Structure formats: C-alpha cells, structure tokens
Amino acid sequence: MHILKKFSPIIVAVVLALLPTPEGLSANGWYFLSIFVGVIVGLIVEPVPAALVGLTGVSVVAVLRLVDPKAAASRDWALSGFSNSVIWLIFAAFMIALGYQKTGLGRRISLLLVKHLGKNTLGLGYAVAFSDAVLSPFMPSNTARSAGTIYPVASNIPPMFDSLPDKEPRKMGAYLYWTAFAATCVTSSMFLTALAPNLLALDIINKTIKVSVSWNQWAAVMLPAMIPLFLATPLLAYIIYPPTLKKSPEAPAWAADELRKMGSISTKELLMLFYAILALLLWIFGDKVSVDSTTAAIFVLSLMVLTRVISWEDVITNKAAWNVLTWFATLVAMAAGLKKAGVLDWLGKLVSAYLQGSAPTTVALLLVVLFFVLHYFFASTTAHTTALLPLFLAIAAPVLPVEMQGKVALMLAASLGVMGIITPYATGPAPIWYGAGYISQARWWFLGLVFGGIYLAGMLGLTMVYM
C-alpha cells in the first residue's frame, strides 16, 4: 500500500498519457494535462514534500518541451513562477508573521483579549476569534496563525475548568476549539493576505482572464460580507454546539498572570506593531502613492531585519517560507502552462456547452456551489486552487459576459477560506484543532456540514449582490 501511494502520481500520469488523445486537444496538450493531474494527485497524497512534487512536474514538462518546442522558452516558462510578484508577497508576509511569533506580540494580543473578554465562555469564544482577526491581515498562513499562535493560548484554558478530551469536553473545550477553528476560516476569506492560496488564486485569475484585484478591492467586497459572518460565528457555535459551563472567571486571572510573566511590552514588540500597521497602510493606500503591495512587504521585511526584530539568520533558515515560495512558484507555472498548452480552451468549450443558454447569475451561483462542494475531495486548499480554479475560469469564459467573469473569479477565490470549515482535513489548522480530541469525528463532520451550509449561503448571497 505504501509503494502504491508513493508511486501513485507517476502511475496516474503515465496511464492518462497512454490513453488516446481526445478530439480537439493536441498530443502535447494531453501529455501536459496527464502530468498536471499527476501533480495534483501528488499534492493530495504527498509521497514527497509538496514543493518537490511541483518542482518535479515543472521540470518534466520543461524537459519534454510540452509548452514550447524551444529549449530556452521552456526554461523561461519553468522559472517564470520564481519571478512572480505575488509569490514574493507571500514569502515576505510569512516573514512578517515570524515577527509576531518571535517578539511575542501575537501571544500578548491573544492574552489581552482573553483578559478583557473572557469572564464567560461566550466571551472566551469572541476572544479567540478576535485574536485571529487581528493577526489575519499579516499572516498568510492560517496554520501559523491559528495553530501556531492562537492554539497555544487557547489550549491552556479548558483544563483550568477540568474540561479535557476524555473528561467533560463539552464543558468548555469543544466549544472553544470549534469557535477558534471556524473563526480562522472566516478571517481567511476576509482579507486577501490572510490565506496564501488567496494570492495564488488572484495570480491564476490574472494570467487566465487578465483581471487584477488589489488588496483594497478584495477588502471592499469581502469585509461587508465577512464581518457579520465573523461576528455571528462564536454566537452560532454557542447556540448550535453550546458549552455546559457558561462562566469562566478563572480565565481572565490566568491571562493576567501570563501577561505579568511576559513583563511590559518590549521595544521589539512595539517595533513589530509599528511595522504591521505600516504594512497594512501601504497595502490599503499603496495605489494612491504608487507603491506595489509586494514592494511594500519586502520594504517592511527589510526594516524588520535592519532593526533586529528578526535576524537575517531567521530569514535564510525559515524553511516554511522558502518551501512555500518553491511550492507556489512551480504551481503558478503549471497553472499558466494549462493555458499555453491549449488545455483550458479545450476543457472550457467541452463543459460550457452544457451551460449555454443559462442565465448568467444562475451560472455564477452554480460555479460557486460546485467549487465549494468539490473541496470535500481535497486535503489542501492550494491543491484545490491549482486544480480547479483554472478549469472553472475556462468554463465561465464562453458563457458569461466579459464584465461578469472577473466578478465570478473573485467569488471563487474568496470562497477558499470559508470552505476550509467542511472537513477535518480541509485546511491547514483543521488537523491541529481536530487532533486535540475534544470533538469526535462524527460531530466534526456534522458541524462542518452545518457551518459549511451557513458559510456557503453567505457566499451565494454575496455573489447575487455582487453580480
């Protein structure tokens, strides 16, 4: 079984390649699609690290010259992702997130919220949710944000009330863990820079249908929809999955004690706070002062290193950031190759034939629903984005007016965060919160179905208004 898993990407790619080339698609296009599907299988089962899966896929395509018959052009295509500004924005944002963790500012913010909001269990739910919201614009890894920063604080609270995975989990722990996880799914859709696949999706959109979306434009559309959903999430969890303990007087005292142990806010924490605000202001107002969002992120990163908020050693040894840079750079190239090899045009015409004659709004809603529901088959938001977004954009192109294609594309990209709610494996933080053992597998799937339905309804409502 282990051998089958290890070689499954190669087996899938070879079997597909040996099948007859479909009518309307070139042989090179079919071979490229076969390798692309193999890469997606590799991202799902991960027989080797995801970045290596992408790097292998790109190099095989380049060696076989499936995108362009010229060797130099194939090389340029293979390396194109590494010169992509969005990829470097993600990398820089990972470093900004490291500053939160290394200085302790992220932990301090969480403890302050628990201290002031944690007098009852509902208040604790809002405390962990707001902790995530405060950090989300600056941390594109929801795993680092939710599992790496919020979890260490939240996990200390239920045991104080004798609520453990094997002893009265419903007393407090189950509610708090579900609320923290659900909140990070909403914040991941709320801000462009709250989830790395958001940025990957926008780059795919730009390359496929030539539509650009700025940090500001994303926020202008998503904040009015996501803020009410975010504010409702702790209360919905309190109603749907209520804790048996309603009061939590010990939590603020514990948070105050932890803050005393941390001492007064340090110079590095103040600098980190200043840089976070500076980055946010440049992302919001960068268009008005002609500063690109990636340039702003790299500028802030440089200041952080120069003022020793983080060290250069931190930058060059941050395996997670370099891994994501390689991973996403190769996936961007693979997604762009789908169009260059003629695969997207072929798939778009094939599927869109069944949608001809349908009302544009109906098509838009159907695409959002399918894009959301198909995430049940993916254990990676990145794999979902790479595999399905180019296909859905290709389907939309022949049946939607040009002015509506960009809007549908944004709705698809914006749903990537909230769709993480549906399964125990749907997004990075899910296995961490689920693995703690406070919520059974059956209950997690049930809550995922209920909250997934609520979040999908919110996305459909936003789609109808936005269209």
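Contact here means heavy atoms within 4.5 Å. Helices are DSSP runs (H or I, at least four residues), numbered from the N terminus.

This is a predicted model, in which local features need pLDDT of at least 70, side-chain atom pairs count only at pLDDT 80 or more, and totals for chains, interfaces and linings use all residues. Residues are numbered from 1 along each chain as its sequence is written, and side-chain values use heavy atoms, with hydrogens and water left out.

Let's start with a helix pair. In α3, Ala50, Ala51, Gly54, Leu55, Gly57, Val58 and Val61 meet Asn323, Thr326, Trp327, Thr330, Ala333 and Met334 of α16. By class, this contact has eight nonpolar, five polar and no charged residues (nonpolar covers Ala, Val, Leu, Ile, Met, Phe, Trp, Tyr, Cys and Pro; charged covers Asp, Glu, Lys and Arg; the others, Gly among them, are polar).

Here are the helices under discussion:

| Helix | Residues |
|---|---|
| α3 | residues 50-64 |
| α16 | residues 319-340 |
| α8 | residues 142-154 |
| α10 | residues 196-209 |

Next comes α10. Twelve of its 14 residues are buried, so α10 is largely enclosed by the rest of the structure. Buried means under 20% relative accessible area, exposed over 50%, and partly exposed in between (1.4 Å probe, protein chains only). Among the buried residues of α10 are Leu199, Leu200, Asp203 and Ile204. Lysine 210 follows α10 and has a positive phi, near 60°.

Finally, where does serine 146 lie? Serine 146 belongs to helix α8 and is buried, with a relative accessible area of 1%. Leaving aside neighbours within four places in sequence, serine 146 is in contact with Asp132, Tyr151, Ala180, Thr184, Pro429 and Trp433.

How values were computed:
Helices (H or I, at least four residues) and strands (E, at least two) are DSSP runs, numbered from the N terminus. Axes are lines fitted to C-alpha atoms, for helices over the stretch in contact, and angles run from 0 to 180 degrees between N-to-C directions. The expected span of a helix is 1.5 Å times one less than its number of residues.
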